[in-house]
Structure formats: C-alpha cells, structure tokens
Amino acid sequence: AHFENIDPNHPLNRTDKNMVIVGKIKTLYREITEDTAGLMNHDDLQKANRLLAKASGITLCVQGHLYGEAYIFKDQMLKIGMQVNLPITRDDVFYDACNCPLDHCLIIISYTGETPRPLMIAKKLKERGVPFMAITSFGDNTLSKMSDCTLHISTHEKLKDNLGHFSTNLSVHLILDVLYADYFNLNYEEHI
C-alpha cells in the first residue's frame, strides 16, 4: 500500500532531470520507511532488545550490498562499548557461529531467508544454543522460523531487475538504526 507513487525497482526515467530525481528518491525513501515501520511491532522489538541487552558481543552475518549498512551499525555500537564483529567472508561468520560464547548474539541479514550459507549458520547456532535474530523479508521463510527474533524488511524490490538497491538498503539501515537507538536508550546516561 505504501508504494503507490514510485516503482522501487525503476524509480527513474531516462528523461528525468536532477531535481525530478531528487523528488522521486525523496518520495521513494518516505514510502520505504513507512513500509518498514509498518512491519515493525512492539513484541518483536522487545525480543530484539532483550537479545542485545544480554549479549556479550554481536556478530553480523551479511553479504554483498548490505555490508555498508552493517558497518555503520558496527561503528555506532562500538562507540558505546558493544563489541561487534563484521566478518568479511562467510566462512569467518561460520567460524564465529561455531566458536562464539553462548551469550553472544548474531544478526543474520538475508533478503529471502532461504540462502544456503546463512541457513547453515543458523542451524549451527541452533545446535549450540546461541541466540540470533534475523532481518529478512516478510513471510514464512526458513530463516524466520529458525530465529529467536525476526525483524522484517520492505520487500517491494526485485533482487535482480532494479536500478539499485534503494529499498533493501534503506529498509535494513532503518532497522539497524532502530536497534542501535533502542540499545543506546537502555543505558541512556551512560552512553551519553
């Protein structure tokens, strides 16, 4: 319902001038943030907050174009004293899943929730009893079923036929910013 004005896959036309592009991207961002916020609910955010509050550290499992959003989250959390790992390779994430302390928390970001490598990592975490949250598409995917907590991204963007990952990037960025802000707020005076 939020995507009435701009196609998130092809928000631009060849003939658009720069200020038209500004207006279209601004509208697209508003629609994406409204859609993402509409997928959030109190109970899921509370679960996410509890996972992060109990965690001795965090590992982010992300690949491809979302690495930048994950890096910003890592930087924010490090500034307030939370140790965050952002492994470069999928093998390194798997090693973290195999060896991290049981009070660690992993955040697995996967658009489909069906990609084999993140599912292998999730399976290892379940075997070891390490809590993890998923940031993934809305719906009944395997990763959501396995996770301790799921936060949903706006999924109006096609994985292959798009002009850029506007929707996915902004949706994940918003969710990670909310997680950071909620974690910051747990000990507001200390973090200030």
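Helices (H or I, at least four residues) and strands (E, at least two) are DSSP runs, numbered from the N terminus. The model is predicted: local features need pLDDT of at least 70, side-chain atom pairs count only at pLDDT 80 or more, and totals for chains, interfaces and linings use all residues. Residues are numbered from 1 along each chain as its sequence is written, and side-chain values use heavy atoms, with hydrogens and water left out.

**Exercise 1.** Find which residues touch the most other members of the largest nonpolar core, and which element supplies its largest share.

*Solution.*
Step 1. A nonpolar core is a set of buried Ala, Val, Leu, Ile, Met, Phe, Trp, Tyr and Cys residues joined through side-chain atoms within 4.5 Å. Buried means under 20% relative accessible area, exposed over 50%, and partly exposed in between (1.4 Å probe, protein chains only).
Step 2. The largest such core has 33 residues, and Phe 73, Met 77, Ile 107, Met 133, Ile 135 and Leu 179 touch the most other members.
Step 3. Elements supplying at least two residues each include helix H2 (42–54), strand E3 (105–110) and helix H7 (166–186). The largest share, 8 residues, comes from H7.
Step 4. Another core, of 16 residues, lies apart from this one; Cys 100 and Leu 125 are among its members.

**Exercise 2.** Describe the surroundings of strand E4 (132–137), and state which strands pair with E4.

*Solution.*
Step 1. 6 of the 6 residues of E4 are buried, so the strand is largely enclosed by the rest of the structure.
Step 2. Two strands pair if DSSP finds at least two bridges between them. E3 and E4 pair in the parallel sense over 5 bridges, with Ile 107 opposite Met 133.
Step 3. From E3 the chain crosses through helix H5 (residues 116–128) to E4, a right-handed β-α-β crossover. Right-handed means that, with the strands pointing away from the viewer, the path from the first strand over the helix to the second runs clockwise.
Step 4. E4 and E5 also run parallel, joined by 5 bridges; here Thr 136 stands opposite His 152.

**Exercise 3.** Work out how the salt-bridge partners Lys 124 and Glu 127 are placed.

*Solution.*
Step 1. A salt bridge is a side-chain nitrogen of Lys or Arg within 4 Å of a carboxyl oxygen of Asp or Glu. The structure holds 6 of them.
Step 2. Between Lys 124 and Glu 127 the N to O distance is 3.3 Å. Both residues lie in helix H5, 3 residues apart, about one turn of the helix.
Step 3. Lys 124 is partly exposed at 23% relative accessible area, and Glu 127 is exposed at 52%.
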